[in-house]
Amino acid sequence: MSDRTGIFAGDDPFAIARNWLAEAEKSEPNDPNAIALSTVDADGLPNARMVLLKDIEDDAFVFYTNYGSAKAAEIDSAGKAAFVMHWKSLRRQIRVRGIVTKEDGPSADAYFESRSLKSRLGAWASQQSQPLGSRAELMAKVAKITASHGPMPKRPPFWGGYRISPTEIEFWADGAFRLHDRFRWVKEAPEKAWEITRLNP
């Protein structure tokens, strides 16, 4: 598939997403892999927050977090999530909706080990989304964790990844006079092929 610009070329939406991200890494001043992740709570009230996308696999998008966080609780309850990734420098965005499963194995271990030591210790110390009395309280906990875990802390059992397997992906590119290019990819079942539709801007 291609359009007049060629930026949508190809039959694999994950390859397109990887290409767009690679281009954004050259032009975005900060966090080109940032996504606005949306979930819903038990009452159906939406929540959104920025997280960092860490991998685009052949069939999924992966990010990592504390399993005790609000986002994790909402994901575990609904089993679904959505995100948008926007690059102002390229004037492009990708929207994704899909089914979410945990990434709690070797890939999570490998990513955790790749993080800086202070980030790994911080993951142990933070009870993400829970009330905190003061920053001093948090820093004291970091110091205690540092003393007990040393320079090679293993991945906490309450920390790992989530894999979003899309049922829908939309690619958007800015066009002159707001005549944007939009393509929606939909897959009704994992074994089925993607259905691609060009959308009005």
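This report looks at aromatic ring pairs, and at charges over rings, in a predicted model.

Residues are numbered from 1 along each chain as its sequence is written. In this predicted model, local features need pLDDT of at least 70 and side-chain atom pairs count only at pLDDT 80 or more, while totals for chains, interfaces and linings use all residues; side-chain values use heavy atoms, with hydrogens and water left out.

**Ring pairs**

The whole structure holds 16 aromatic pairs. Rings of Phe, Tyr and Trp (its six-membered ring) pair if their centres lie within 6.5 Å; planes under 30 degrees apart are stacked, over 60 edge-to-face, the rest tilted. Phe14 and Phe61 have planes at 40°, so their pair is tilted. Phe14 belongs to helix α1 (residues 13-27) and Phe61 to strand β3 (residues 61-66), so the pair ties together parts 47 residues apart in sequence. Helices (H or I, at least four residues) and strands (E, at least two) are DSSP runs, numbered from the N terminus.

Phe14 is buried at 4% relative accessible area, and Phe61 is buried at 2%. Buried means under 20% relative accessible area, exposed over 50%, partly exposed in between (1.4 Å probe, protein chains only).

| Pair | Centre to centre | Plane angle |
|---|---|---|
| Phe14 and Phe61 | 5.4 Å | 40° |
| Phe171 and Trp185 | 6.3 Å | 75° |

Phe171 and Trp185 pair edge-to-face. Phe171 lies in strand β6 (residues 159-173) and Trp185 in strand β7 (residues 181-186). Phe171 is buried at 0%. Trp185 is buried at 0% too.

Ring pairs also build a cluster, with Phe14, Phe61, Phe171, Trp185 and Trp20 among its members.

**Charges over rings**

The charged end of Arg92 sits over the ring of Trp20, 5.0 Å from its centre. Here NZ of Lys or CZ of Arg must be within 6 Å of the ring centre and within 35 degrees of the ring normal. Lys102 has its charged end over the ring of Tyr67, 4.1 Å from the ring's centre.
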